[in-house]
Amino acid sequence: MKYLVTGGAGYVGSVVAQHLLEAGHEVTVLDNLSTGFREGVPAGAAFVEGDIRDAAKWLDSSYEAVLHFAAFSQVGESVVKPEKYWDNNVGGTMALLAAMREAGVRKLVFSSTAATYGEPEQVPIVETAPTQPTNPYGATKLAVDHMITGEAAAHGLGAVSLRYFNVAGAYGAQGERHNPESHLIPLVLQVAQGRREAISVFGDDYPTPDGTCIRDYIHVADLADAHLLALTAAQPGEHLICNLGNGEGFSVREVIETVRQVTGHPIPEVVAPRRGGDPAVLVASAATAREKLGWNPTRADLAGIVADAWEFAQRISTAREQ
Ligand SMILES: NC(=O)c1ccc[n+]([C@@H]2O[C@H](COP(=O)([O-])OP(=O)(O)OC[C@H]3O[C@@H](n4cnc5c(N)ncnc54)[C@H](O)[C@@H]3O)[C@@H](O)[C@H]2O)c1
Ligand SMILES: O=c1ccn([C@@H]2O[C@H](COP(=O)(O)OP(=O)(O)O[C@H]3O[C@H](CO)[C@@H](O)[C@H](O)[C@H]3O)[C@@H](O)[C@H]2O)c(=O)[nH]1
């Protein structure tokens, strides 16, 4: 089968593109390199440097489906520049859906997020929980989910939105390298590498046991497995929404401690003010993904996830020095 992967020069998209290639599929990556890297595109994938707003230029009926990763995704930045997020995430996806309709491509897998729920009333979070995003990033992703529901009902699109919790780890040559980096695990690893003096803990007065935010970390390769299953599960006219997480939460301090154990580095930490838009606790119920997709994550161990991310961070920093 032939697939269009938007955002396939980024972290998650590149890992999923790699999995599609390994499963024997043909892959075209469409990415404007706004936050991605040309060298992140897996060998064997065709690459188009372009914007999803212009997807109509490249989409045609030879594509079985689109896997849509392209977006801006930094919670903190979205609070200070909401217009940037509405424009790219919502405006861009609207253009992409129109291009798919025009080209007759009737299947979509979309990268949604735990940030659509906001501060949960109950954890683990189920897909029927209230959606009250606490930041513009989550609001744009929720708006796209609604847009997709309408597209499925009105025009027969078969769609799956995967609401990722906190993605981490690496797979082969592909890993996390946002620039600038804002995610916790890669930043703590930069401290371990001596590229940063200390990690800032954004708030230690949350209503959690150690006062720091709790998140559900999921290995990027487990996430990739879910995308391939979603391509099979998508049914014309239906929009399925599935959380993807391990159902176990780790506080910011527990993550830092795990990085100390994996890397053997002391990792100094400093308490900093809360970051705008951060919910205290995000932990998934992935029961729907297990039931409807047949998904079975196998890499839930946080130390293993951190070890894979560490190996990747060491490899790219060696490459950077050469
Ligand atoms: N990383 C996480 O923890 C996480 C969690 C939940 C959801 N998500 C979602 O998963 C997706 C991928 O996240 P990531 O961490 O890989 O981010 P990333 O920034 O590494 O990748 C996004 C890619 O999309 C490209 N892009 C952005 N706007 C584009 C446009 N208009 N046209 C073409 N290309 C464009 C960027 O250049 C980049 O390569 C995003 O949609 C994000 O919202 C990520
Ligand atoms: O230097 C840092 C960086 C982060 N944090 C905290 O660490 C936690 C995790 O932060 P981060 O790694 O930035 O991830 P999130 O803000 O939880 O967002 C990620 O996970 C969400 C789903 O849970 C996705 O929607 C987003 O796209 C993805 O970036 C949060 O409490 C942050 O406040 C720190 O304390 N110090």
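This is a predicted model: local features need pLDDT of at least 70, side-chain atom pairs count only at pLDDT 80 or more; totals for chains, interfaces and linings use all residues.
Q: Which other polar atoms of the protein lie by ligand 1, and at what distances?
A: A polar side-chain atom of D51 is 3.2 Å from a nitrogen atom of the ligand. A polar backbone atom of V167 is 3.2 Å from an oxygen atom of ligand 1. The ligand alone exposes 830 Å², of which the protein buries 97% (areas by the Shrake-Rupley method with a 1.4 Å probe).

Q: What makes a residue part of the shell around ligand 1, and how many are there?
A: A residue belongs if one of its heavy atoms lies within 4 Å of the ligand. For ligand 1 there are 29, and the closest are D31, T35, N88, Y137 and K141. The largest share, three residues, comes from β5 (strands are DSSP runs of E, at least two residues; helices are runs of H or I, at least four).

Q: Which residues come nearest to ligand 2?
A: Of 24 residues around it, T113, H183, S200, R275 and D278 come nearest. A polar side-chain atom of D278 lies 2.5 Å from an oxygen atom of ligand 2, and a polar side-chain atom of R215 lies 2.8 Å from an oxygen atom of ligand 2. An N or O atom in the side chain of N166 is 2.7 Å from an oxygen atom of the ligand. Taken alone, ligand 2 exposes 680 Å², and the protein buries 94% of that. β8 gives the most to this shell, with four residues.

Q: How do you know that α7 and α9 meet, and at what angle do they pack?
A: V255, T258, V259, V262 and T263 in α7 meet L302, A303, V306, A307 and W310 in α9, where contact means heavy atoms within 4.5 Å. The contact has eight nonpolar, two polar and no charged residues. The helices, residues 252–263 and 302–321, pack at about 65°, with their axes 9 Å apart (axes are lines fitted to C-alpha atoms over the stretch in contact, and angles run from 0 to 180 degrees between N-to-C directions).

Conventions:
Residues are numbered from 1 along each chain as its sequence is written. Chains are lettered from A and ligands numbered from 1 in the order in which they are written. Side-chain values use heavy atoms; hydrogens and water are left out. A polar contact is a pair of N or O atoms within 3.5 Å; within protein, one must be able to donate a hydrogen and the other to accept it, and residues adjacent in sequence count only if both atoms are side-chain atoms. Ala, Val, Leu, Ile, Met, Phe, Trp, Tyr, Cys and Pro count as nonpolar, Asp, Glu, Lys and Arg as charged, and the others, Gly among them, as polar.
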